[in-house]
Structure formats: structure tokens, C-alpha cells
Amino acid sequence: MIPAHNIYIHVPFCMSKCNYCAFFSRACPTPDWDTYANEIISEIKQWEKILGKINVPTVFFGGGTPSLMPVNIFDKIMSQLHSCFTIQNKCEITLESNPGTINENKLDDFLRIGVNRISVGVQSLRNEVLQFLGRQHSVNDAIKLIDACMQRGISVSADFIYGIPGDTTNTVAVLCKQINSMGLQHCSMYELTIEPNTPFGKMNLDMPTNDEMADMYTAIGQTLNLPRYEVSNYAIHGAECRHNQNIWDGAPYIGLGRGAAGRILIDDQWYEQMGNNELFKKIDNNTRATERIITGLRQVRGVQIDDMTRRVINTDFVKQNPELLRITSDNRIAATERGMLVLDDLIMNLIR
Ligand code: SF4
């Protein structure tokens, strides 16, 4: 029997490229949407042939800028998902949205077709910083979109970037206080990382040091009124992103669209998958267990200890480092607050 699979659909188009962005996306505000939809639809049909009419607990449209998608294209893709799979009644359907690409009418159309969670790329609450980042929208555009989502009573999250040149613990604390006043139930706080082959990568920016970044991270945890539930994610209990939680916990998922990664489970055998036939190969259980530890430990609740993960966990290291790791009452290994600050090293030592 084939278990439920979550679905990630990649929409690789944006209005323009942001200065920091190394995601698989290109500046193309008016792509050939029919060709895009046909590719996604043929992938959906192919997965139905392989997996059958599986249950789908979550669908996540990520990008890129999924909110650029015309509503009829979104409708076609959703209809195909419904016809090939069992989309669960309470399926979480997230659409990543950039302010300026979606007005209230379009928002209503997306909601009518099934979207029940919107993740808004806000990035900053200062217009000059938005310009520096190469964003195409203003703070006001972002606030208006968030307000429109809240008025409609759907789950809404907002993404922010910190550690921008000039940021200090004070500026980050001010940002967090502003976020608190917005009444969000979920937000993501991403540290600016400079990637090669981006405009920022060629600019020799005066970035905060690692210690300053760590202080800002601590300031976020102390100032935001939403509890952290993953390294970069904060939410009130019950408002967490179920799609990401499932993936971090190690549930199977399909990646649709070019460059989208998935992990497929058929008859107890795991497969690594990317896009449409870009990659499909077996992975052994130890490799999959290691992946689960890497993503699971990023969560405050940690990674479940079970037959699979137990085989690769260095239990001596857990016992010897109670200040970094703890065992929870529901049998998970989780990083302590201190452990979270050295997570990469921690993971290297935790895995045998
Ligand atoms: S909108 Fe997002 S995906 Fe598109 S270029 Fe900017 S950061 Fe990259």
C-alpha cells in the first residue's frame, strides 16, 4: 500500500530577480502559462500511474512567484490534482504570494478554488531596504495583502529577511515589534546569506559578522511574540505550516515542476526524485534516516526516534551532551536553545 504523499509545485517565474536570490526562478512576468500548466498536468498524470490515487494532506505552491499565475492556470492544475488523487478534506493548500502580483479579486478567486493559506514575501518593513533588496513592491503593498488575507479569515504567514548590511540587534528588535503589532499568527525570519552569482554576490557588501548574526537571532527569539517552532519559523500553536512540518518530519512528498525535489515511498523503498524524470533513484534507509535527522532537528520539537532513525543516531553523543540535546516526552531528540545555535556541528556529531 502506498502512503499519503504531500505535494510541492514549483512555479519558477518572477516579475524580476531580487538582488539576493539564488532560487530556481527567472525574471519572466508573462511566461507561456499554458505550456507550464501542461507540463505540471502531465507530471501529475504520471505520478498517478506510478502511485495510484494516493491521499494528499498538503499542497504547496512555491517559487518563484506562484501568485503571478493566472487563476485559470491554477484552476487547471487543481482540477487535475483532484481528478488524479484524493485531496483530503482538510488539505492545507498554500500559495506563496508576492505583494503587487495579486489584488483582492485575484485573492478571492484563488481562495474559491481551494487555497487556504497564503505566505506573503514581505522581507522588510522599510521601503529603502526593499529597494536595496531589489523587491518590486512597497511596504504598503505588503500590509494591504496581509490585511486582505486576515479579513478573509485564512491562514497567513509573512517572510522577513534580517542581517542586512546596517542591521543590528536594535533594528531587528524594532522589526520584530512591528511584526508583533501586525497580529500575524505565523512568520518566517530568514538570515540574509550572500550567494555567488547573484548581484549581492558581486557587491562586496559589509555584512554583519557571524557573532552579530547570532545576536540578532537571539534578539528575534526574545522579541517576537510568536514562539519559534523551527530554526527560521515562528507561529502560535496550531498555525504552523503543516506542509513543511510533514516534510521536516520525513513524510513522503512529490516535487512537481522543473527542479522540484521529492522523496517518494513505494513498498517501503524510498526514492529521491526531482522534477519530471530529471532524477528518480533509490535511496537506502540510512540515507533517508540521516535526512530526517537533518530536517527534524531544525524543529524545536526535534526528530522522532524510531527504528529508522535509531540506526544512525549516535546515542553516546546524546547522553554526553545534555546541554545541547534533550529527549522529549514523546520520544523525540530535540536541540536545546544552546544546541540550536550550533546546529550544523550538532548534526554532524549526532549522526554515526
Ligand atoms: S521573488 Fe522570491 S524567487 Fe523571485 S527573485 Fe525574488 S526572492 Fe527570488
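Helices (H or I, at least four residues) and strands (E, at least two) are DSSP runs, numbered from the N terminus, and two strands pair if DSSP finds at least two bridges between them. Residues are numbered from 1 along each chain as its sequence is written. The model is predicted: local features need pLDDT of at least 70, side-chain atom pairs count only at pLDDT 80 or more, and totals for chains, interfaces and linings use all residues.

**Exercise 1. The sheet containing β17**

Task: State the strand order of the open sheet that contains β17, and describe how its strands are joined.

Solution. 
Step 1. The open sheet has three strands in the order β15-β17-β16, and the pairing is antiparallel. β15 and β16 are at the edges with a single partner strand each, so one side of each has no neighbour in the sheet.

Step 2. Strand β15 (residues 303–304) is joined to β17 by two bridges, and V303 has I333 as its bridge partner in β17. Strand β16 (residues 325–327) is joined to β17 by three bridges, with R326 opposite A334.

Step 3. The hairpin of β16 and β17 has four residues between the strands, and N331 takes a positive phi near 65° there.

Step 4. In a regular strand the side chains alternate between the two faces of the sheet. For strand β17 (residues 332–335), the covered face holds I333 and A335, while R332 and A334 belong to the uncovered one.

**Exercise 2. Helix α2 and its two partners**

Task: Find the angle at which α1 and α2 cross, then treat α2 and α3 likewise.

Solution. 
Step 1. Axes are lines fitted to C-alpha atoms, for helices over the stretch in contact, and angles run from 0 to 180 degrees between N-to-C directions. Angles under 35 degrees count as roughly parallel, over 145 as roughly antiparallel, 65 to 115 as roughly perpendicular and the rest as oblique.

Step 2. Helix α1 (residues 33–51) and helix α2 (residues 71–84) have axes that come within 10 Å and cross at roughly 10°. The two are therefore roughly parallel.

Step 3. Two residues are in contact if their C-beta atoms, placed from the backbone, lie within 7 Å. On the α1 side the contact is made by W33, A37, I40, I41, I44, K45 and E48, and on the α2 side by I73, K76, I77, Q80, L81 and C84.

Step 4. Ala, Val, Leu, Ile, Met, Phe, Trp, Tyr, Cys and Pro count as nonpolar, Asp, Glu, Lys and Arg as charged, and the others, Gly among them, as polar. The contact of α1 with α2 accordingly comprises nine nonpolar, one polar and three charged residues.

Step 5. The axes of α2 and helix α3 (residues 104–113) come within 10 Å and cross at roughly 10°, which makes α2 roughly parallel to α3. V71, F74, D75 and M78 of α2 meet K106, D109, F110 and I113 of α3. This contact divides into five nonpolar, no polar and three charged residues.

**Exercise 3. The ligand shell and F23**

Task: List the residues around the ligand, and decide whether F23 is buried, partly exposed or exposed.

Solution. 
Step 1. With a C-beta atom, placed from the backbone, within 6 Å as the criterion for a residue near a molecule, the residues around the ligand are C14, K17, C18, C21, F23, S25, G63, G64, T65, N98 and G121. The shell has four nonpolar, six polar and one charged residue.

Step 2. F23 lies in the loop between β2 (13–14) and β3 (26–27). F23 counts as partly exposed, because 17 C-beta neighbours lie inside 10 Å.

Step 3. F23 and G64 are 41 residues apart along the chain, and their C-alpha atoms are separated by 7.4 Å.

Technical notes:
Buried ≥ 20, exposed ≤ 12 C-beta atoms within 10 Å, placed from the backbone.
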